[in-house]
Amino acid sequence: MADEVERLLSGRTRDIRLTGELRRRFDERLWRQTAKVIRSWMIWVAFVDVLTLALNALLLPGQIVLSMIAPACLLPPAAILTAVVWNKPRPAAVQRASLLVGMFLILLSVGLVGVFTGGEFYERHLSIMLFVATSAITIFSVPLAWTTAIACYALCLYFILQWHNPLLEAGSVVAATLFFSCGIIATVVARRTMNILAQKTFLLDCRDQRRVAELADANARLERLARTDPLTGIANRRWMMETLEGLWRNGRETGVVAAMLMCDIDHFKALNDRLGHSEGDRCLVKVAGIIQSCVRADRDLVSRHGGEEFLIVLPDVDEEEAVAVARRIRESVEAAALPNPASRVGPSVTLSVGVAFKSAVDTDVSLANLQHEADMALYRAKEAGRNQVSIFRRPPAAAGQAAARRQG
């Protein structure tokens, strides 16, 4: 469809022809407005017919009024039935038949009022009939074939009824028909131009919507790239920090309960030197996947914090749960048996983990403090021989000072 839209817009406007799926979508989009216009027009014509008949009954002699009643009564039912058919979407054939038959009966009713009444009303009502046809052609946004059909039988009715007008000669009938034909043909051409412009507007909207969707998709991809580590596919450091800052801001009043885990692959540089950077990259991807499988996918945050470092944040957990997650991550990495022949810990890849915890009462612990504490715990794990979990414990004095400040 995108190619078809571009092809139609690249050509001349007058050559635009919608087909297939584009035509179906255009008709669906235009139907509500078109149906509303047709219903309003039909109801208005029926109202004007009844009102005119009532005024004629008051102003004209009774004999003339009686001659008008029979043909005038044909118009309201035809208009109302057409409006009812266009009250909801129906098959195109039904809509086409209702509109064309309804318009024929309406024009016939107006013309026969003049024929049955005679005299000055003969010519007047035939002119009114053409005016009714012209107004319908102008405002009905329907296919050109429907518009042409309305124009043709309006002119045919005019010619036939005028031909039997005793007050006109044949030459005058032909001349009048040709004159009105020029006006109606111009109206049909104008209606065709409006239809083509409506189709072009639809095509432009389709192209704009596609471009907006493409732009939104490109922006989404850029946003994913901006917050995702390209190697491991997990969050990068920048996105993690922005997310944590938002978490800390939102939890300023109620207090944030969270644990922060800092993980580091043991002797990763030696692995790179011995097995090469491609194997090092493979190791990072595998470890990132293992870490993600050990945390809650809907709540916990995992990011690549540095070369071989990973930062994990566990919201709304207690210290025991945080330590359990840290141990599960360490054991899962060791159990994966990823090769690291250069490690001094063992033949496979291992992980050192530092854990820092912040409870709701630790209001003085900032994001930077908690990250620093996780770093310190990781350093202690490495100092203690690596491949283990170390927990940061705040000194009792610091805890007491924090409690005193809260009481004060």
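Is Leu22 buried or exposed? At 3% relative accessibility, Leu22 counts as buried, where buried means under 20% relative accessible area, exposed means over 50%, and partly exposed lies in between (1.4 Å probe, protein chains only). The structure is a predicted model, in which local features need pLDDT of at least 70, side-chain atom pairs count only at pLDDT 80 or more, and totals for chains, interfaces and linings use all residues. Residues are numbered from 1 along each chain as its sequence is written, and side-chain values use heavy atoms, with hydrogens and water left out.

Leu22 belongs to helix α2 (residues 20–59). Helices (H or I, at least four residues) and strands (E, at least two) are DSSP runs, numbered from the N terminus. Leaving aside residues up to four places away in sequence, Leu22 touches Met1, Glu4, Val5, Leu8, Phe202 and Leu203, a contact being heavy atoms within 4.5 Å. From Leu22 to Pro71 the separation is 49 residues in sequence and 43 Å in space, C-alpha to C-alpha.

The domain assignment divides the protein chain into domain 1 (1–210) and domain 2 (237–391); such bounds come from an automatic or database domain assignment. Between the C-alpha centres of domain 1 and domain 2 the distance is 76 Å.

An unreviewed UniProt entry lists residues 41–59, 66–86, 98–116, 128–161 and 167–190 under "transmembrane region". UniProt positions are given in the numbering used here, feature names are shortened, and annotations may be inferred rather than shown by experiment. In the model, residues 41–59 are 100% helix and 0% strand, with end C-alpha atoms 26 Å apart. Residues 128–161 are 88% helix and 0% strand, and here the end C-alpha atoms are 13 Å apart.

Thr147 is placed in helix α7 (residues 144–163). With a relative accessibility of 1%, Thr147 counts as buried. Its contacts, again not counting residues up to four places away in sequence, are Ile137, Val142, Val188 and Arg191.

The cysteines raise a further point. How many disulfides does a search of the whole structure find? The search finds zero, a disulfide being a pair of cysteine sulfur atoms within 2.5 Å. For Cys156, the closest cysteine sulfur is that of Cys152, at 6.4 Å, which is too far for a bond. Cys156 is partly exposed because its relative accessible area is 45%, and Cys73 is likewise partly exposed, at 44% relative accessibility.

Attention now turns to the sheet. Six strands form an open sheet with mixed pairing, in the order β1-β3-β4-β2-β5-β6. β1 (235–236) and β6 stand at the edges with a single partner strand each, so one side of each has no neighbour in the sheet. Two strands are taken to pair if DSSP finds at least two bridges between them. Strands of a sheet pair through backbone hydrogen bonds, either parallel or antiparallel.

Strand β2 (residues 258–265) runs antiparallel to β5, to which eight bridges join it. Within this pairing, Leu261 has Val355 of β5 as its bridge partner, and Ile265 has Leu351. Strand β2 also runs antiparallel to strand β4 (residues 309–315), with seven bridges. There, Ala258 is partnered by Pro315 and Met262 by Leu311. Eight of the eight residues of β2 are buried, so the strand is largely enclosed by the rest of the structure. Ala258, Met260, Met262 and Asp264 point one way from β2, whereas Ala259, Leu261, Cys263 and Ile265 point the other way.

Strand β5 (residues 351–358) is mostly covered as well, with eight of its eight residues buried. Leu351, Val353, Val355 and Phe357 point to one side of β5, and Ser352, Gly354, Ala356 and Lys358 to the other. With strand β6 (residues 389–391), β5 pairs in the parallel sense over three bridges, and the partner of Gly354 in β6 is Ser390. Together, β5, helix α13 (residues 367–383) and β6 make a left-handed β-α-β unit. A crossover is right-handed if, with the strands pointing away from the viewer, the path from the first strand over the helix to the second runs clockwise.
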